[in-house]
Amino acid sequence: MRSPVSVVITYLHMEIFEEQAIESTPCKSKIWKRYVDDAFTILDQDRVDVFLQHLNSQQPSIRFIMEIENDSKITFPDIISLPSVPRVAMRVKKIAYFGGA
């Protein structure tokens, strides 16, 4: 059974992790917003893959996947964003992997 404190500790860990990852990235996003386990960011189109690779290289137990806008629209928890061209809106979802034998 999980302790109620584990949720708070996980949230604080991810807050620190995201701050360090975003500050150290070679390509700065225009915006980074997080809601639970989803994040929304706007990047230049040519930097999307570099940004995702950077996030995934920070810690082996945390993996990020992305969803790129379709028809100039992307949904982020009940909000539809209409980003301007030539930027790409990207929804990033964190997946934590915990190894164990």
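**Side-chain contacts and a surface patch**

A: Val-8, Tyr-11 and Leu-12 make up a nonpolar patch on the surface, and their accessible area together is about 300 Å². The model is a predicted one. The cut-off matters here, because exposed means over 50% and buried means under 20%, with partly exposed in between.

Helix H1 also takes part in an aromatic contact. Two aromatic pairs turn up when the whole structure is searched. In one of them, Phe-17 and Phe-64 are stacked, with 5.9 Å from centre to centre and 15 degrees between the planes. Phe-17 is in helix H1 and Phe-64 is in strand E3 (residues 62-68), so this pair ties together parts that lie 47 residues apart in sequence. Both Phe-17 and Phe-64 are buried.

The other pair is formed by Trp-32 and Phe-51. Their ring centres are 5.9 Å apart and their planes stand at 65 degrees, so the pair is edge-to-face. The label follows from the angle, because planes over 60 degrees apart count as edge-to-face and planes under 30 degrees apart as stacked. Trp-32 sits in strand E1 and Phe-51 in helix H2 (residues 48-57), so the contact ties together parts 19 residues apart in sequence. Trp-32 has a relative accessibility of 17% and therefore counts as buried. Phe-51 has a relative accessibility of 0%, so Phe-51 counts as buried too.

That leaves charged side chains. Side chains of opposite charge can pair when their charged atoms come close. One salt bridge is found in a search of the whole structure. It joins Lys-30 to Asp-44, and the closest N and O atoms are 3.6 Å apart. This pair qualifies because a salt bridge requires a side-chain nitrogen of Lys or Arg within 4 Å of a carboxyl oxygen of Asp or Glu. Lys-30 lies in the loop between helix H1 (5-24) and strand E1 (31-35), while Asp-44 is in strand E2 (residues 38-44), so the bridge ties together parts that are 14 residues apart in sequence. Lys-30 has a relative accessible area of 45%, which means that it is partly exposed. Asp-44, with a relative accessible area of 30%, is partly exposed as well.

Notes: Residues are numbered from 1 along each chain as its sequence is written. This is a predicted model: local features need pLDDT of at least 70, side-chain atom pairs count only at pLDDT 80 or more; totals for chains, interfaces and linings use all residues. Side-chain values use heavy atoms; hydrogens and water are left out. Helices (H or I, at least four residues) and strands (E, at least two) are DSSP runs, numbered from the N terminus. Buried means under 20% relative accessible area, exposed over 50%, partly exposed in between (1.4 Å probe, protein chains only). Patches are made of residues with over 30% relative accessible area and no salt bridge: like charges are joined within 9 Å, nonpolar side chains (Val, Leu, Ile, Met, Phe, Trp, Tyr) within 5 Å. Accessible areas come from the Shrake-Rupley method with a 1.4 Å probe; for residues, only the protein chains shown count as cover. Rings of Phe, Tyr and Trp (its six-membered ring) pair if their centres lie within 6.5 Å; planes under 30 degrees apart count as stacked, over 60 as edge-to-face and the rest as tilted.
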